[in-house]
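Student: Could we go through the helix geometry and packing of this model together, one question at a time?

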Amino acid sequence: MLLLGSSGFLGAYVGYSLSALGWEVRGIARNSHPGINPSHLIDDASEVEALIRHHSCDVVINCIAMASHEACESDPEAAQEINARLPGKWAAAARSNGAQFVHISTDAVFDGESDHLYSESDPTHPGSVYGASKRSGEQAVLQADPEALVLRANFFGWSENSSKGILDFFVNAMSEGKTVQGFRDYEVSSLYMGDLCDAIVELLSAKAHGLFHAVASSTLSKYEFGLAVAKAGDLDAAYIQPGSLRENEGLSNRGAHLGLCVDKIEHLLGRAMPSTVQGLARAFEERQAVMDYLGGRTHTGETS
Ligand SMILES: NC(=O)c1ccc[n+]([C@@H]2O[C@H](COP(=O)([O-])OP(=O)(O)OC[C@H]3O[C@@H](n4cnc5c(N)ncnc54)[C@H](OP(=O)(O)O)[C@@H]3O)[C@@H](O)[C@H]2O)c1
């Protein structure tokens with residue numbers, strides 16, 4: 001399996017999870033990094049294609065993105081290149097070499113103004129450059145390879161430097177005794193990365209293709225998420241105060257109600273997706289193993 005963007009927040013976890021399942025993971029990223037082959041794959045698809053051929057990869061998972069809303073707003077052209085044009089080229093390269101392409105997208109393709117859970121058939125309407133570029137990416141990938149798997153995700157998990165994402169945010173605050181806000185008016189269906197990886201493996205084994213919402217079975221506000229982190233991690237919830245997304249000017253391009261419907265993926269998998277709270281319990285259970293992996297990747301050019 002070829003893992004594009006194995007240095008990223010999700011990519012690093014995917015390396016952990018699939019290696020633990022016995023998959024041979026070839027991780028590549030643009031910078032030299034423990035466990036990763038340095039590569040300049042951003043220029044064109046030829047390097048990705050050469051790696052797929054050289055290693056006879058049967059699966060390519062794309063975790064590369066310009067994932068910051070702010071970076072995308074300040075450089076929309078780069079966002080379009082990284083989040084849309086290149087994924088289309090990589091999907092075409094995978095297809096022409098018989099490899100299954102898996103592309104990670106986002107709930108930010110919706111504007112978050114709806115009062116119901118969005119399904120795959122709902123029209124998209126991104127409220128940000130990031131969301132628009134990711135929507136273009138979905139289209140580019142499926143146009144290049146109609147058999148590709150495109151997963152709209154919203155996830156949480158641990159990170160190597162304990163500074164990426166909402167889980168680290170709340171755990172750090174409560175551990176350090178700092179009061180932080182959790183938005184009451186920002187709701188998402190956040191899935192634990194481990195549960196996302198399980199879904200990817202099951203979807204691949206079911207030979208699924210097309211667009212799926214790969215998120216948790218339930219929707220929580222960021223405030224509720226913070227309280228759930230406190231409970232799961234036995235931390236002091238008093239450090240989490242209710243706040244409002246709408247009162248934060250710099251974040252106003254984020255949709256507020258981004259809950260996604262999981263009927264399609266549940267039907268395909270024949271089981272319920274885990275809830276965010278179930279994912280938090282799992283996250284704390286495997287925290288040490290994940291951190292050992294993230295801090296202990298080798299320099300052999302492959303994840304171990
Ligand atoms: N984070 C979330 O909450 C969230 C929510 C929903 C969906 N998603 C989606 O999930 C996927 C993974 O996101 P993430 O949070 O793991 O992002 P991330 O931590 O920012 O990782 C992005 C990856 O892309 C690589 N990358 C970025 N720009 C590049 C470039 N110009 N050339 C080559 N590589 C480049 C990064 O490499 P470097 O390490 O060298 O920078 C890194 O490996 C993305 O598709 C994102 O849209 C994320």
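Student: What span should helix α4 (residues 76-96) have, and how far apart are its end C-alpha atoms?

Tutor: This is a predicted model in which local features need pLDDT of at least 70, side-chain atom pairs count only at pLDDT 80 or more, and totals for chains, interfaces and linings use all residues. Residues are numbered from 1 along each chain as its sequence is written, and side-chain values use heavy atoms, with hydrogens and water left out. Helices are DSSP runs of H or I with at least four residues, strands are runs of E with at least two, and both are numbered from the N terminus. The expected span is 1.5 Å times one less than the number of residues, so the 21 residues of α4 should span 30 Å, in agreement with end C-alpha atoms that are 29 Å apart.

Student: Where in α4 does a kink lie?

Tutor: The bend at a residue is the angle between axes fitted to the seven residues ending there and the seven starting there. In α4 the kink is about 30° and comes shortly before the proline P87, at L86.

Student: Which elements cover the buried residues of α4?

Tutor: Buried means under 20% relative accessible area, with exposed over 50% and partly exposed in between, for a 1.4 Å probe and protein chains only. The buried residues of α4 include L86, P87 and W90. Their cover, counting contact as heavy atoms within 4.5 Å, includes β1 (2-4), α2 (46-54), β4 (59-62), α3 (69-74), β5 (100-106) and α5 (129-144).

Student: Why do α4 and α5 count as roughly parallel?

Tutor: Axes are lines fitted to C-alpha atoms, for helices over the stretch in contact, with angles from 0 to 180 degrees between N-to-C directions. Angles under 35 degrees count as roughly parallel, over 145 as roughly antiparallel, 65 to 115 as roughly perpendicular and the rest as oblique. The axes of α4 and α5 come within 8 Å and cross at roughly 20°, and the two helices are therefore roughly parallel to each other.

Student: Beyond its neighbours within four places in sequence, which residues is S136 in contact with?

Tutor: S136 has its place in helix α5, and its C-alpha atom is separated by 40 Å from that of A237, 101 residues apart along the chain. With neighbours within four places in sequence left aside, the contacts of S136 are Q80 and A84.

Student: At what angle do α8 (residues 222-233) and α10 (residues 276-285) pack?

Tutor: Residues of α8 including F225 and V229 meet residues of α10 including L280 and F284. The axes of α8 and α10 are 9 Å apart, and the packing angle is about 40°. That makes α8 oblique to α10.
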